[in-house]
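This report describes selected features of a structure with the sequence and coordinates at hand.

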Amino acid sequence: MIRVEELVKRYKKAEQNAVDGISFEVKAGEFFVLLGPNGAGKTTTISILTTTLAPTGGRATIDGSDVVREASAVRRKVGIIFQRPSLDQNLTAEENVRFHALLYGLYRYAPSYALMHADYRRQVEDLAKLLGIARDIHKPVRTFSGGMRRKLEIMRSLLHNPKVLFLDEPTAGLDVPSRRTLWEHLSEVRRTSGTTIFLTTHYLEEAEEADRICILDKGRVVSFGTPDDIKRDLVEDYVLVDADDRSGLSDELARLGYLTSGGPPFKLQLDGHSVHSILRSIETPLTVVKTHTPSLEDAYLEIVSKTSE
Amino acid sequence: MSEASAILALAHRDFIKLLRDRQRIIADFAFPLIFIGILGTTLQAGFGERAGINLMDYVFTGVLAQTVWQSSAMGLISLLADREQDFSQEIFVSPISRYSIIVGKILGESLVTLPQALAIVTFGFILQIHMSPDQLWRMALALVVVALFGGAFGVIVLANLSSQRAANQIFPFVLLPQFFLAGIFNPIQNLPLPLDILSKIAPMRYAVDLMRDAYYGGLPSSQQVQLFDATTNLAIIAAMFVAFMIVGTFLFVRAERNR
């Protein structure tokens, strides 16, 4: 669905590339997360993919359409929720939605909601109900809370049935309940429409549910795969053991063929073994047993700290 | 059909914004009324006889064209404000053509100037400025041209500015000299050569002169007031309009994408 090849972006007067030759693919229907610290190049990437920024090099396609040469076709295929809300504060919620529908050529222009096509009014009612803002749909956006504005933006972005929904740090600035409801709605959208979701975030818990994650740092891809792949590939699983009889333990571990590094305490790489089987095989009485099974957060911090060294 | 609907939606949004912005409505109406009511009246009282023309009529037609032209131009600059509020992202990621975006904005800002023009004309009647139905009809047509022309001028200025702040700082320098070079308040038939050259490249001059063609056409005082005939003014305005639109839109879209 999305193919990115050697994409490069250098901003005017910048000394470094904001995006530095990244490549990845996103499959249809996938929940894909572009993860990285601030300044990693996430928003730059999403801006190029949504045609609002021209790349300096490389290429990217969405559903076969090139983001530079076929920008208009790309724009029809994508929905976008920007980092900063892009609603017009002077308009009501419905007027914002109508404006979007008319820009995307979904309906013929009419000067008021009542005069718009019945299909439009039905679609607005259905989506507003789905997102729980039916009662407020004719109120000015400036009276909306941050969470409601985000919901309205989701509603608006789904109006033209996009193949890919891009979300650029959509939960930034939202409180925990709003964030949770937003995710519930997005899961619902994904379940019912099969839309590919492309999310950028620096919140790790939002990436845990992803089908695949691409971690960016300083404009480069530093890891790519499922959350489990990333954990497996980038952070060691190990168990730390120690005993009063350290030399006996050391000899036994060598005899059993376990890889150890440093110690005491001795660090045993799991290498596919379970902690249980390792502990059962050791006869020397142990005084210390510590297991280390990294979370995605550990993996992420490990990766980012490595690249910042 | 979809491009037309999108253009109408953009124009509709601008008009709605005006209706909901009371401060702007008051400011938009107050300035022209001050210019005509105070400046026009005092100029007529002090210099009217010596000038040999009715300076009240002269200032009225000048301010009418200037207000509509300037308002339309400044309205286009609101695309910069949209960009700063990130609203333009919504417009620029939509599949409509970049030219349609600009056309929609110009149409919207032209619509926004119409209530202003109506208020000025009403005020003109209160000040007993004579306007026959024939003159009113010609002035209405001229107003449409002036509003669209102002919008195109806004596009070329907008294309060269990076932010609303820059626009607020630079726009007065672009506008203020034109107030005098376009002859809104002062006749400009006998300017020294350098000022005459500047006057001839000031776009506002042709908007003001077209409005005077519409008002004074056929009147005895037209010889003293008009600079060019309506056809010449329309030809110059058309050429400038096309150039501003093409170059301005190209530069604006390029600046948006090549940050």
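## Packing of α3 and α7 in chain B

In α3(B), the residues A65(B), V68(B), W69(B), Q70(B), S71(B), S72(B), A73(B), M74(B), G75(B) and L76(B) meet L143(B), V146(B), A147(B), F149(B), G150(B), G151(B), F153(B), G154(B), V155(B), V157(B) and L158(B) in α7(B); two residues are in contact if their C-beta atoms, placed from the backbone, lie within 7 Å. This contact comprises 14 nonpolar, seven polar and no charged residues (Ala, Val, Leu, Ile, Met, Phe, Trp, Tyr, Cys and Pro count as nonpolar, Asp, Glu, Lys and Arg as charged, and the others, Gly among them, as polar).

The model is predicted: local features need pLDDT of at least 70 and side-chain atom pairs pLDDT 80 or more, while totals for chains, interfaces and linings use all residues. Residues are numbered from 1 along each chain as its sequence is written, and chains are lettered from A and ligands numbered from 1 in the order in which they are written.

Helix α3 (residues 55-76) of chain B packs against helix α7 (residues 133-159) of chain B at an angle of about 40 degrees, with the axes 7 Å apart. α3(B) is therefore oblique to α7(B) (angles under 35 degrees count as roughly parallel, over 145 as roughly antiparallel, 65 to 115 as roughly perpendicular and the rest as oblique). Axes are lines fitted to C-alpha atoms, for helices over the stretch in contact, and angles run from 0 to 180 degrees between N-to-C directions. Helices (H or I, at least four residues) and strands (E, at least two) are DSSP runs, numbered from the N terminus.

## Packing of α7 and α10 in chain B

The axes of α7(B) and helix α10 (residues 203-216) of chain B come within 8 Å and cross at roughly 170 degrees, which means that α7(B) is roughly antiparallel to α10(B). Their contact divides into 13 nonpolar, two polar and one charged residue.

## Contact between the chains

In chain A, 26 residues are in contact with 24 residues of chain B. On the chain A side, α3(A) gives the most, with four residues. That side holds twelve nonpolar, eight polar and six charged residues.

## Sheet and domains of chain A

An open sheet of four strands in chain A has the order β12-β13-β11-β14, with antiparallel pairing; strands pair if DSSP finds at least two bridges between them. Strand β11 (residues 238-242) of chain A is joined to β14(A) by five bridges, and D242(A) stands opposite V288(A) in β14(A).

The domain assignment, automatic or from a database, gives domain 1 (2-231) and domain 2 (236-293) of chain A.
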